[in-house]
Amino acid sequence: MKKQEWYNLSWLPAAPDDFLQRCSGLQSNDAAALQALAMHALSDIQLHKLSKQCEAFSEVPKGLQPLKLGIIGNANSDFLKAALKSSALRHGLWLDVEMGSMGQTVVAVLDPNSNIAAFKPDVVVLALTWQIWSQTILVGHEKEAVAAIENLENDIRLMADTLKKQDTTFIIQTMPQAPISLFGSLDRRVVGTLRRLIDDYNAMVWASGLPVIDVAALAELVGLATWHDAGQWHWAKLPFSQNLIPLYADHVTRTLGALRGRSRKCLVLDLDNTLWGGVIGDDGVEGISLGQGSPRGEAHLAIQHMALALRERGILLAVCSKNEDATARLPFVDHPEQILKESHIAVFQANWKDKASNLEAIAKALDLTPDALVFLDDNPAEREMVRRELPAVAVPEVPDTEPALWPQILSAAGYFEAVSFMESDMARAGQYVANVKRKSLKVESRNIDDYLAAMAMEMKITSFGPNVRPRVAQLINRSNQYNLTSRRYTENQVEAIENDPAAFCFSARLQDRFGDNGIISVVICKEVDNEWYIDTWLMSCRVLGRRVEHTLLNYIATEARAAGKNTLKGHYIATAKNGLVKEHYKNLGFKSTEAKTSDESFWHLDLESFTPFDAPIVLTSQELQKKKA
Amino acid sequence: MDTQKLQTMLQDVFRDVFDNNTIVIDRNTSADDIGEWDSFNHVRLIIAAEEAFNVSLSTADVADLRNVGELIDLIARHTNNQN
């Protein structure tokens, strides 16, 4: 992502390459597919295409609320119509849009014969731009300048009264600042300059108490130089640069969604590399990055601050993490820089089940539907899986290597847009925590085979070798959770194992359609009594639940057979942190031999009767083959 | 860029903007030939063309265009200036 464009729908996944074909292929009653297509960062042309598909629906699609929107103002709003219609799908609305004639505001509302009045809108938006004033005429004329704002105020009051009687909501846009100054820095001190008029107008809008769409803030976020396009104004009276239409339309429709109670209510947070840098199960409380002193730690702390601030205004917080429950809670209890506490978290789900099932359980426990949730996770594969299984959950795209940007991206996405704020909102998050049992919820896993197949996973087996040796040694010494024996070796020892003819060892890299996950597994087998004894088997928890272990076993079994072995021997040594893999060998079809104790267990796999697992991962091992040849 | 290649690319822009994959343009194609080519879509068309060819056309120029040939020549002038 280009850093400077994070504000522009970057939280939505890119549109699929076959977007236009998918649009054309839409069934005219498939509301879910229509909405799913809208959940991408669409261009103006794509929004047009989607709005055309909407015309095929003869009635309001299931799950969407109808809303009739009238827009009045001094610019040409025709260009916005299709974009508004399509963007509204993201916010649960089925929009009908009517544009007032350009320049007509009061008349459009008061004249019963105007197209706006005849349309009987649910909501009317007043959208004015600085071009309603000529640039210099009021400078130094205090009376006229004050009157200019008062006249607008009277118009707005008149419109508001009329619309109120019709039970129509009246929303005012704030006015973006102009890209032109007259004096320079002095402008805002001199009554009647453009900048001062705009300031005065906006102050009047805020004071009116009417609902507001803060387009001025949006224009500031984008930057006025980018927001305004003088050529397009002169030519077609476009109120702002045409390529910002998708962004503007999303802002307007999210506010309408908020009016209709469609804003999100709960922020669900991943933990490792989201609330803190690093993996708590591997790095420990002392090893994770959080807090002052490192840029990364500060970035994650800023994410916590953002979450806490949201909670203060009434947004519920929940946790959904692949972790041991006790381990996951450690930083909440023991880390001095951790500002989120367990008491802030309404539901705390740390387990090894898939996240979609956990999110469903969280929503249910809070008496919410999935469309009330926002799920923040650094891992693109988890994000994609949740989107696929639970399309109603909002899952922002975030740059996984730059957590510093997350708070502003989450804010720009506007999931928690509100049209009012009261004292009672502040207490809400606390009440929920009291209602929900603090113990984590039981979750049934779902079948995600289709998703895994679509991930295009490719595993590359490589021998240790000098290039990967440092990373292999690092994994051997750092991995605590998915680690069967937790044996630690130095880099020199790793090298010795490489050269040991009685040892069979390799590392595995995993690629998927989101990119290269790097080395995610290390396996060392040693020949003992004509069996292969699995001395070390560890994996990164990042790729958990992807059937990586099945693919690895297939490979080990093949190589062991080729070496003339009939049996694999597995060994589990319990530690405080590796409870996750207690059943690892059992799940892979090994038989428990020898007496089990709470500290360790031994397992055997008969290679003659072993049938390889059917796993959705393509395996390549060129480097090893080369070495053998 | 030669004008033939430019015309092919421009045809794709037309198809996108008018959402019609059967549109075929030549130098004489004008607003009379494409039903939906009104002043509103003219603006969308020009802006989409600016994006597709990475050029910035002056509003004075685009307001006076009479047919596709003139648009091609205008874009060609801008892309050649860049090179």
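The model is predicted.

**Exercise 1**

*Solution*

1. Find the element. A:Ser601 sits in strand S16 of chain A, residues 600-606.
2. Check the accessibility. The relative value for A:Ser601 is 4%. The cut-off for buried is under 20%. A:Ser601 is therefore buried.
3. Look for a polar partner. The side chains of A:Ser601 and A:Trp603 make a polar contact of 2.9 Å.
4. Look beyond the neighbours within four places in sequence. There A:Ser601 contacts A:Gly570, A:His571, A:Tyr572 and A:Lys596.

**Exercise 2**

Describe the interface of chain B and chain A: how many residues are in contact, what area is buried, and how many salt bridges cross it?

*Solution*

1. Count the residues. Chain B brings 16 and chain A brings 15.
2. Take the area. About 1,300 Å² is buried between the two chains, with 68% from carbon and sulfur atoms. On the chain B side, B:Asp19, B:Phe40 and B:Arg44 lose the most area to chain A, together 39% of what that side buries.
3. Search for salt bridges. Two cross the interface. A:Lys52 and B:Glu36 meet in a salt bridge, at 3.7 Å from N to O.
4. Assign the elements. Helices H1 (3-18), H2 (39-53) and H3 (59-63) of chain B each give two or more residues to the side touching chain A. H2(B) supplies the largest share, eight residues.
5. Sort that side by type. It holds nine nonpolar, two polar and five charged residues.

How values were computed: Residues are numbered from 1 along each chain as its sequence is written. Chains are lettered from A and ligands numbered from 1 in the order in which they are written. This is a predicted model: local features need pLDDT of at least 70, side-chain atom pairs count only at pLDDT 80 or more; totals for chains, interfaces and linings use all residues. Side-chain values use heavy atoms; hydrogens and water are left out. Helices (H or I, at least four residues) and strands (E, at least two) are DSSP runs, numbered from the N terminus. Buried means under 20% relative accessible area, exposed over 50%, partly exposed in between (1.4 Å probe, protein chains only). A polar contact is a pair of N or O atoms within 3.5 Å; within protein, one must be able to donate a hydrogen and the other to accept it, and residues adjacent in sequence count only if both atoms are side-chain atoms. Contact means heavy atoms within 4.5 Å. Buried area is the accessible area (1.4 Å probe) that two parts lose on being put together, summed over both. A salt bridge is a side-chain nitrogen of Lys or Arg within 4 Å of a carboxyl oxygen of Asp or Glu. Ala, Val, Leu, Ile, Met, Phe, Trp, Tyr, Cys and Pro count as nonpolar, Asp, Glu, Lys and Arg as charged, and the others, Gly among them, as polar.
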